[in-house]
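Trainee: Could we go through this one together, step by step? I would like to learn how to read it.
Mentor: Gladly! Have a look, and ask away.

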Number of protein chains: 2
Amino acid sequence: MVQENHSKVPIPTLGRLATYLRVLNELQMLEVSTVSSAEIEQQTGINAAQFRKDLSYFGEFGKPGVGYSVSELQQSIAKILKLDRRQAVLLVGAGNLGSALVGYQGMAEHRMELMGIFDSNPSKIGTMLGTLRVQSIHCLVEVNMKLNARIAILAVPAQVAQSVSEILVEAGVRAILNFAPIPLRLPENVAVRNVSFMQELAVLSYQAAEEVSQLSEFESF
Amino acid sequence: MVQENHSKVPIPTLGRLATYLRVLNELQMLEVSTVSSAEIEQQTGINAAQFRKDLSYFGEFGKPGVGYSVSELQQSIAKILKLDRRQAVLLVGAGNLGSALVGYQGMAEHRMELMGIFDSNPSKIGTMLGTLRVQSIHCLVEVNMKLNARIAILAVPAQVAQSVSEILVEAGVRAILNFAPIPLRLPENVAVRNVSFMQELAVLSYQAAEEVSQLSEFESF
DNA sequence: TGCTGTGAATTAGTTCACAGCG
DNA sequence: CGCTGTGAACTAATTCACAGCA
């Protein structure tokens, strides 16, 4: 499981790159040809120096006094993120969350294509989700010999997340977006990103209260 | 929009607190009465020193040589996160993602209760989602005068996210979990957490490729 | 002895500020 | 000039390492 940054690129930088890419796509639709770091800050809320620093990890993409070519930068970032060509993605877990992700158009925008959906629940297997038929998890390894997806979304209950993730690794998956609230123990050459709504809501619960207490502190003057 | 840490508690600490709380709930069900930081590390993958440091921002909860009382620590953390009593939560956007969140049991486990669902789409308004009826967004301010929810989940398209978020603030919401891929511009006393699947997938896309290149580097010997 | 709590050291990430190019 | 690219300064977060209590 990749935790350390083997290379020297900060992980938050990679996330922001995806944001820049989305904005560049939009600008290209609006036929804007050039953009400055200050305009990117305006659009994204990300500090202009941060934007320039993020790009500096990968090379020089702008022209001093002018800015960046929208189309060139768009292509450069897509290439960095390996989103310059279709990426096959697997989904395991056809529950509420899995179904919602099938309809998520952000993936198509970034050329990630859901190519296989798997579940262990017999009542789900065989049903259609979008254009894909839900397959048995037992077929996963075999099916991915053809698909060759390296990225998977894991949206299964916590109890089975570890064992399913091991099947994914066996099937050749190198990167997993994990929605289960448990840490996956996997070989270190497999990248894992955990998404936890509960963590986010807990932070907000604390912060919502924090603000109130600050207000009442203020009001007490 | 709260970005800065007004107090000195790191935001990642708050997220991890939610993880500890979940594990403590489980231990309590198993009737385990005492736990050490090393055992927490075992369960969560979070470094034992990190766990102790996280707690140290809020007080002293353990006994040297013994560990922590599961039930006491559970209550203490719940109190810190304001999850020691029911928290009302609003959901705006009854699309795929919103529907999936309705079925998410992690919320109930942490005493967060979805109390109102809103949408602007006339074909959605009036339909049932779980036990709740989807209401018009125009009723939001009025409805929340009774509910008094301070936390909301924003699962609407990017184009309307800013204006809907302003309605939430007008209705008294102080904390927003934002699934729209745009930065919300809101008063600084409103906390916002952004969730972006695309960012996570982009990071993974990069890392999946990175690992491959490392492997091939290795194979080339 | 076995654990916690925590300053100190370290590592990671962000922002500044400015040299230098177009 | 107006912008980029980037070392240097700063701020944030993690991990170490150990003193001290039960």
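Trainee: Which element gives the most to the surface near DNA strand C?
Mentor: Keep in mind that this is a predicted model. The elements that give two or more residues to this surface are helix H1 (11-29) and helix H3 (48-56) of chain A, together with helix H3 (48-56), strand E2 (62-63) and strand E3 (67-69) of chain B. With four residues, the one that gives the most is H3(A).

Trainee: How many charged residues does the surface near DNA strand C have?
Mentor: There are 25 residues around DNA strand C, and A:Arg16, B:Ser37, B:Arg52, B:Gly62 and B:Tyr68 come nearest. Sorted by class, nine are nonpolar and nine are polar. The charged residues number seven.

Trainee: What percentage of the atoms of DNA strand C within 4 Å of the protein is sugar and phosphate?
Mentor: Good thing to ask. Here we take the atoms of DNA strand C that come within 4 Å of the protein, and look at how much of that set belongs to sugar and phosphate. The share is 60%.

Trainee: How far is a polar backbone atom of B:Gly62 from a phosphate oxygen of DNA strand C?
Mentor: Let's set it beside two other contacts. A polar side-chain atom of A:Arg52 lies 3.4 Å from a base nitrogen of DNA strand C. For the backbone atom of B:Gly62, the distance to a phosphate oxygen is 2.8 Å.

Trainee: Now for the other DNA strand. Which element supplies the largest share of the surface near DNA strand D?
Mentor: Elements that each supply at least two residues here are H3, strand E2 (62-63) and strand E3 (67-69) of chain A, and helix H1 (11-29) and H3 of chain B. The largest share is four residues, and it comes from H3(B).

Trainee: How many nonpolar residues does the surface near DNA strand D have?
Mentor: DNA strand D is surrounded by 24 residues, the closest being A:Ser37, A:Arg52, A:Gly62, A:Tyr68 and B:Arg16. Nine of the residues are polar and seven are charged. The nonpolar ones number eight.

Trainee: Which atom of DNA strand D lies 2.8 Å from a polar side-chain atom of A:Tyr68?
Mentor: Compare some contacts by the part of the DNA they involve. A backbone N or O atom of B:Pro64 lies 3.5 Å from a sugar or linking oxygen of DNA strand D. B:Arg16 has a polar side-chain atom 2.8 Å from a phosphate oxygen. For A:Tyr68, the atom is also a phosphate oxygen.

Trainee: How far apart are the C-alpha centres of the two domains of chain A?
Mentor: Begin with the bounds: domain 1 covers 11-80 and domain 2 covers 87-196. Between their C-alpha centres, the distance is 30 Å.

Trainee: In the three-stranded sheet of chain B, which residue is the bridge partner of B:Val35?
Mentor: This open sheet has the order E1-E3-E2, with antiparallel pairing. Strand E1 (34-35) and E2 are its edges, each pairing on one side only. Two bridges join E1(B) to E3(B). In E3(B), the partner of B:Val35 is B:Tyr68.

Trainee: Why is one side of strand E6 (128-129) of chain B left without a neighbour in the sheet?
Mentor: E6 belongs to an open sheet of seven strands in chain B, ordered E6-E7-E5-E4-E8-E9-E10, with mixed pairing. Strand E6 and strand E10 (191-194) stand at the edges, so one side of each has no neighbour, and the reason is that each has a single partner strand.

Trainee: In that sheet, what angle does the direction of helix H8 (residues 158-170) of chain B make with that of E8(B)?
Mentor: Strand E8 (residues 151-154) runs parallel to strand E9 (residues 175-178), and four bridges join them. One pair is B:Ala152 with B:Ile176. Helix H8 packs on the sheet, touching E4, E8 and E9 of chain B. With E8(B), its direction makes about 165°.

Technical notes:
Residues numbered from 1 in each chain as written. Chains lettered and ligands numbered in written order. Predicted model: local features only at pLDDT ≥ 70, side-chain atom pairs only at ≥ 80, totals over all residues. Heavy atoms only, no water. Near = heavy atom within 4 Å. Polar contact = N/O pair within 3.5 Å; in protein donor to acceptor, adjacent residues only side chain to side chain. Nonpolar A, V, L, I, M, F, W, Y, C, P; charged D, E, K, R; others polar. Domains from an automatic or database assignment. Pairing = 2+ DSSP bridges. Contact = heavy atoms within 4.5 Å. Axes fitted to C-alpha atoms, helices over the stretch in contact; angles between N-to-C directions.
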